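Hi everyone, thanks for making time this morning. I'd like to walk you through one structure, so let me put it up on the screen.

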Amino acid sequence: MIYIISGGVIGFSILLYCWSIHNSLVKHKNIVNEAWSDIVVALNRRHQLISVVFAATNTLSRYEQFVQTSQTAVRENAIEKLSENEKALESSLVAVVESMPNVVVTENFQQLFTQLVDVENDIQANRLLYNRSVALYHRFIESFPANIFINLFGYGKIDFFALNSDMSQKLRGVRSHVVQPTKLQ
């Protein structure tokens with residue numbers, strides 16, 4: 001009778017230990033997935049911000065061209081109406097008086113570039129966090145006794161984030177879907 005009770009206690013202890021290892025695997029896997037999600041969010045933010053910067057650049061370029069064209073037309077019209085003495089005086093003062101107007105749009109443009117730099121820093125920090133999470137996950141699944149149970153529970157290694165040509169093509173399309181890290185076989 002004592003052997004049956006001892007066997008039951010040992011079996012229950014093993015079951016609890018397996019459950020504990022499985023929960024630890026799930027925890028580590030979720031940390032990795034969360035870190036990957038942070039990378040995707042930052043990449044989406046970068047994609048959206050680049051679109052805004054591109055549109056702002058085009059708008060700013062058109063505006064500056066309009067301002068320069070308008071300013072030139074006004075100056076030429078004014079010069080035609082001046083007398084000879086006024087023309088000589090005007091030519092010496094044009095360089096001093098006429099300058100590009102202070103465009104408020106350029107300040108907004110600088111803010112967009114600052115945001116873009118911040119997003120790039122976020123991507124780098126998230127990539128670092130992801131790779132550290134993957135390293136911790138690998139350490140856990142490679143350590144004893146978790147390495148005995150990983151195949152039983154269907155866990156395997158996860159790739160580190162490295163930007164190779166295949167990955168960069170995938171990430172260019174990151175917009176509305178999440179690219180999941182692949183399992184190594």
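Let me start with a question: among contacts in the protein chain between residues at least 6 apart in sequence, what percentage join residues at least 24 apart? The answer is 82%. Please keep in mind throughout that this is a predicted model.

Now the overall layout. The chain has 5 helices and 0 strands, so reading along the sequence gives the pattern α-α-α-α-α. There are 185 residues, and 26% of them count as buried. The accessible surface of the chain is about 13,100 Å², with 60% of that belonging to carbon and sulfur atoms.

A word on confidence before we zoom in. The average pLDDT for the chain is 76, and 73% of the residues score at least 70. Among the elements, helix α3 has the highest mean pLDDT, at 85, while helix α2, residues 84-97, has the lowest, at 56. Then there is the stretch 174-185, where the pLDDT is below 50. That stretch still has 26 contacts in the model beyond near neighbours in sequence. Where pLDDT is low, the predicted coordinates should not be read in detail.

Let's go to the start of the chain. Met1, Ile4, Ile5 and Val9 make a nonpolar surface patch of about 480 Å². Take Ile5 as one of these residues: Ile5 sits in helix α1, which covers residues 2-80. Is Ile5 buried or exposed? Ile5 counts as exposed, because its relative accessibility is 52% and the cut-off for exposed is over 50%.

For a contrast, move over to Ser133 in helix α3, residues 105-142. With a relative accessible area of 7%, Ser133 is buried. And which residues is Ser133 in contact with, once we leave aside its neighbours within four places in sequence? They are Ile31, Val32 and Ala35.

On to the charged pairs. Side chains of opposite charge can pair when their charged atoms come close. How many salt bridges does a search of the whole structure find? It finds 3, and I'd like to show you each of them.

First on my list is Asp122 with Arg45, whose side chains meet at 3.2 Å, N to O.

Next up is Glu120 with Arg46, where the closest N and O atoms are 2.6 Å apart. Here again distant parts of the chain are linked: Glu120 belongs to helix α3 and Arg46 to helix α1, 74 residues apart. Glu120 has a relative accessible area of 31%, which makes it partly exposed. Arg46 is partly exposed too, with 25%.

The remaining pair is Lys157 and Glu142, with 2.7 Å between the closest N and O atoms. Lys157 is partly exposed at 35% relative accessible area, and Glu142 is partly exposed at 44%.

That brings us to helix α4, residues 146-153. Which residues of α4 are buried? Ala146, Phe149 and Ile150 are. These three lie on the same side of α4, because they cover an arc of only 120° around the axis. On the other side of α4, Asn151 and Leu152 are exposed. Have a look just after the helix as well, where Gly154 takes a positive phi of about 80°.

Tyr155 is found in the loop between α4 and α5. Tyr155 is buried, with a relative accessible area of 14%. How far is the C-alpha atom of Tyr155 from that of Ile141, 14 residues away along the chain? The separation is 8.2 Å.

Technical notes: Residues are numbered from 1 along each chain as its sequence is written. Side-chain values use heavy atoms; hydrogens and water are left out. Buried means under 20% relative accessible area, exposed over 50%, partly exposed in between (1.4 Å probe, protein chains only). Helices (H or I, at least four residues) and strands (E, at least two) are DSSP runs, numbered from the N terminus. The arc is that of the directions from the helix axis to the C-beta atoms. Contact means heavy atoms within 4.5 Å. Accessible areas come from the Shrake-Rupley method with a 1.4 Å probe; for residues, only the protein chains shown count as cover. Patches are made of residues with over 30% relative accessible area and no salt bridge: like charges are joined within 9 Å, nonpolar side chains (Val, Leu, Ile, Met, Phe, Trp, Tyr) within 5 Å. A salt bridge is a side-chain nitrogen of Lys or Arg within 4 Å of a carboxyl oxygen of Asp or Glu. pLDDT is the predictor's confidence in each residue, from 0 to 100.
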